[in-house]
Number of protein chains: 2
Amino acid sequence: MSDLEERPDRPRVVTIRDVAAASGVSIGTVSKVLNGRGKLRAETRARVSAVADRLGFRPNPLAQGLLAGRTHTIALIACDGFSRFSVPVMLGVEDFLAPEEISMFTCDTRDDPIRERHHVERLLARRVEGIVTTGRRAETRHGLGDLPVPVVHTVSRSAGPGDFSVVPDDRGGGALAVRHLLAAGRSRIGHITGPRRFLAAGQRAAGLTGALAEAGLRPVAEPLFGEWSEEWGRQAAGILLRARPDVDAVVCGSDQIARGVAEAMGEHGRKVPDDVALIGFENWEPMALGARPPLTSVDLNLTEIGRTAARYLLDAIGGAPPQGGVLTVPATLVVRESTR
Amino acid sequence: MSDLEERPDRPRVVTIRDVAAASGVSIGTVSKVLNGRGKLRAETRARVSAVADRLGFRPNPLAQGLLAGRTHTIALIACDGFSRFSVPVMLGVEDFLAPEEISMFTCDTRDDPIRERHHVERLLARRVEGIVTTGRRAETRHGLGDLPVPVVHTVSRSAGPGDFSVVPDDRGGGALAVRHLLAAGRSRIGHITGPRRFLAAGQRAAGLTGALAEAGLRPVAEPLFGEWSEEWGRQAAGILLRARPDVDAVVCGSDQIARGVAEAMGEHGRKVPDDVALIGFENWEPMALGARPPLTSVDLNLTEIGRTAARYLLDAIGGAPPQGGVLTVPATLVVRESTR
DNA sequence: TTGAAAGCGCTAACAA
DNA sequence: TTGTTAGCGCTTTCAA
């Protein structure tokens with residue numbers, strides 16, 4: 001496949017000088033045409049643009065940026081191998097950025113602070129104008145330190161003082177799930193979720209108990225903290241059924257857990273949703289749709305978190321006063337067969 | 001959260017001039033110190049580096065790039081919303097790029113040619129030095145046209161003449177699965193997979209029948225083409241069992257299908273792996289590990305595909321003669337309980 | 001209405 | 001051993 005012939009020259013990049021020469025004007029004039037600036041004869045404008053088009057001229061953003069001190073780039077730093085938590089955020093950020101003609105560098109730190117530092121250094125050297133970080137489920141993360149550009153943290157909130165974070169509403173999501181179940185006439189509601197050390201698990205549980213309390217109720221049993229896995233869901237369903245055979249609904253801390261619960265319920269002779277209604281969390285479609293029956297699930301709207309983060313970042317880049325604190329994006333409920 | 005006070009000035013960016021002034025030398029000297037070029041007194045070097053460090057100087061890569069005509073950036077274009085197929089490739093590309101101090105722009109086309117064109121235009125304007133595309137399962141995609149920079153397509157092969165693609169070995173993966181089953185003493189092997197129109201489905205099936213043929217065998221029944229879903233797995237398992245109750249192993253076109261099959265097998269009174277061994281495809285861990293029992297699965301080594309693509313891209317950027325054609329990265333088998 | 005020239009931050013060739 | 005200068009591609013005065 002290799003060949004000895006000279007490599008065919010790739011088309012040389014066309015500069016403003018080429019356009020000027022080809023259209024017989026100065027580079028200043030070309031610049032004015034391209035930017036619609038200054039006073040020029042219509043005929044000149046037309047002619048120069050035509051030439052620029054014909055030559056396939058694209059202004060070099062490095063040169064533009066050098067002069068303007070801007071790069072129209074931002075960076076997204078993930079820490080979790082672009083997991084299913086980071087990806088929707090990325091898409092949201094991109095959504096918001098693309099029409100602004102801003103490009104996005106991405107990198108992943110694999111949860112390694114050294115790698116993170118390294119990436120931040122390089123990105124700053126490249127003069128990105130802002131940084132978005134993404135996290136894995138709602139946790140608390142360290143800040144990035146005092147940087148010369150605005151930073152927005154997403155999903156995981158930053159512990160750095162004055163830092164700004166956009167996070168999912170785990171608590172509200174838990175409440176949402178409960179209200180849906182109450183409206184459907186369920187009242188003996190259990191909760192099976194991930195490890196206690198996860199902020200997300202605690203908040204989802206708190207939202208659930210809160211919403212039950214509003215209705216003068218309590219969970220049918222103490223929330224069961226364990227793992228984020230299907231296997232834990234299977235185990236915990238057994239534990240719950242043994243303690244409270246009369247349970248008529250379970251809110252799960254993740255769709256994976258909910259799948260495990262669904263399976264175990266069947267094995268214990270309970271029908272979903274007839275005997276026990278089931279709600280998952282995170283609305284991870286391959287999981288939620290593959291379950292039998294398909295799972296009602298709390299959607300944390302991570303893409304919206306990404307859009308929101310991008311909007312704030314652009315505002316900050318534009319000179320808006322710095323924001324600190326945590327902004328929470330509401331969750332929504334996607335209703336499927338497991339609660340119908 | 002807003003305040004009326006003046007926004008605290010972010011630290012102004014330090015230029016080579018600042019360093020020169022602060023250390024009482026010319027900018028040329030600073031440049032030599034920073035790049036280790038030229039002949040300078042050791043004392044000067046030490047002093048200037050110290051000042052540069054103290055000031056937190058970072059050379060502006062825009063200026064460097066403008067001069068050198070290089071940007072040390074590449075782009076990755078996904079088409080599938082950074083799906084589980086694109087993400088491992090991204091990580092592989094990043095793996096290979098990071099030590100080279102090359103940064104990666106990413107964008108997603110949402111499978112929209114207009115969006116793709118738009119992104120390509122913008123990336124070229126930014127003078128990326130190369131482009132990697134990622135695809136969703138092995139398909140054939142259109143090329144990007146004649147670009148002034150090298151392009152490597154991954155996962156989906158490009159139909160563009162002279163284009164270079166790095167793709168998974170679906171056929172080899174199918175063969176791998178069969179050989180593993182044969183070695184385990186199974187011989188009545190069925191196949192349940194995705195839609196016939198997918199190249200990946202066809203190749204996996206071909207690999208399977210090929211490896212069986214080598215052993216003088218044929219599939220226990222015609223391969224069942226359907227959907228990539230669990231639901232299809234459940235359905236198809238029933239069909240297969242009705243046709244061939246004596247089947248002792250099933251290779252599935254995806255882990256999702258395999259999960260469905262596993263579930264249905266249980267319902268039909270077949271134990272996995274005792275009665276029927278099961279192999280999935282793609283080694284999508286949340287699916288493969290959550291199944292009961294955990295699934296043996298063919299890993300397509302997408303991260304390795306990413307690394308390989310990055311290596312070729314860098315070579316091409318470095319001036320290696322252009323390659324055309326398709327490079328196949330071998331698959332491997334991850335053995336778990338479903339075949340033990 | 002157009003052109004000339006300065007300068008963004010940096011490197012490299014050449015002078016001193 | 002160090003400084004000076006030109007120039008990368010572009011925008012933006014200011015002159016013509």
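Let's start at the rotation axis. Which residue of chain A comes closest to it? A:F105 does, with its C-alpha at 2.1 Å. Keep in mind that this is a predicted model.

What does that axis do? Turn chain A by 180°, shift it 0.0 Å along the axis, and it can be laid on chain B with an RMSD of 0.1 Å. That is how a two-fold axis relates two copies.

Now, how do the copies meet? Through the same surface, because 99% of the interface residues of chain A are also interface residues in chain B. Chain A brings 70 residues to the contact, and chain B brings 69. Together the two chains bury about 5900 Å². Carbon and sulfur atoms give 51% of that area.

Next, the polar side of this interface. How many salt bridges are there between chain A and chain B? The count is 16. Polar contacts link 39 residue pairs across the interface of chain A and chain B, both residues at pLDDT 80 or more.

Which elements of chain A build its side? Seven of them supply at least two residues each: the helices α4 (61-68), α5 (86-97), α6 (113-125), α9 (230-243), α10 (255-267) and α11 (285-290), and the strand β2 (103-108). The largest share comes from α6(A), with seven residues. By class, the side of chain A that touches chain B has 32 nonpolar, 17 polar and 21 charged residues.

Let's look at two of the bridges up close. A:R115 pairs with B:D95, at 3.9 Å from N to O. A:R110 pairs with B:E94, at 3.0 Å from N to O. Over all chains, the whole structure has 58 salt bridges.

Now go inside one chain. Chain A is divided into three domains. Domain 1 covers 1-60. Domain 2 takes 73-168 and 302-329. Domain 3 covers 170-299. Look at the numbering again: domain 2 is written in two segments, and domain 3 has its range between them.

How do domain 2 and domain 3 of chain A touch? The contact takes eight residues from domain 2 of chain A and twelve residues from domain 3 of chain A. The centres of these two domains are 31 Å apart, taken over C-alpha atoms. Domain 2 and domain 3 of chain A bury about 840 Å² between them. Of that area, 46% is on carbon and sulfur atoms.

Which residues of domain 2 of chain A lose the most area to domain 3 of chain A? A:R84, A:R137 and A:E139, together 62% of what that side buries. Between domain 2 and domain 3 of chain A the count is two salt bridges. Four residue pairs are in polar contact across that interface, both residues at pLDDT 80 or more. On the side of domain 2 of chain A that touches domain 3 of chain A, three residues are nonpolar, one is polar and four are charged.

Last topic: backbone geometry. Most residues other than glycine have a negative phi, and most peptide bonds are trans. A:F82 is not a glycine, yet its phi is positive, about 50°. A:F82 is found in the loop between β1 (73-78) and α5 of chain A.

The other two spots are peptide bonds. A cis bond joins A:V272 and A:P273, with omega about 5°. In chain B, the bond from B:V272 to B:P273 is cis, with omega near 10°. Where do the prolines lie? A:P273 is in the loop between α10 and β11 (277-281) of chain A. B:P273 is in the loop between α10 (255-267) and β11 (277-281) of chain B.

To close, back to the axis: the turn is 180°, and A:F105 is the residue of chain A that comes closest to it.

Definitions and conventions:
Residues are numbered from 1 along each chain as its sequence is written. Chains are lettered from A and ligands numbered from 1 in the order in which they are written. This is a predicted model: local features need pLDDT of at least 70, side-chain atom pairs count only at pLDDT 80 or more; totals for chains, interfaces and linings use all residues. Side-chain values use heavy atoms; hydrogens and water are left out. Domain bounds come from an automatic or database domain assignment. Contact means heavy atoms within 4.5 Å. Buried area is the accessible area (1.4 Å probe) that two parts lose on being put together, summed over both. A salt bridge is a side-chain nitrogen of Lys or Arg within 4 Å of a carboxyl oxygen of Asp or Glu. A polar contact is a pair of N or O atoms within 3.5 Å; within protein, one must be able to donate a hydrogen and the other to accept it, and residues adjacent in sequence count only if both atoms are side-chain atoms. Ala, Val, Leu, Ile, Met, Phe, Trp, Tyr, Cys and Pro count as nonpolar, Asp, Glu, Lys and Arg as charged, and the others, Gly among them, as polar. Copies are superposed by least squares on the C-alpha atoms of residues with pLDDT of at least 70 in both. Helices (H or I, at least four residues) and strands (E, at least two) are DSSP runs, numbered from the N terminus.
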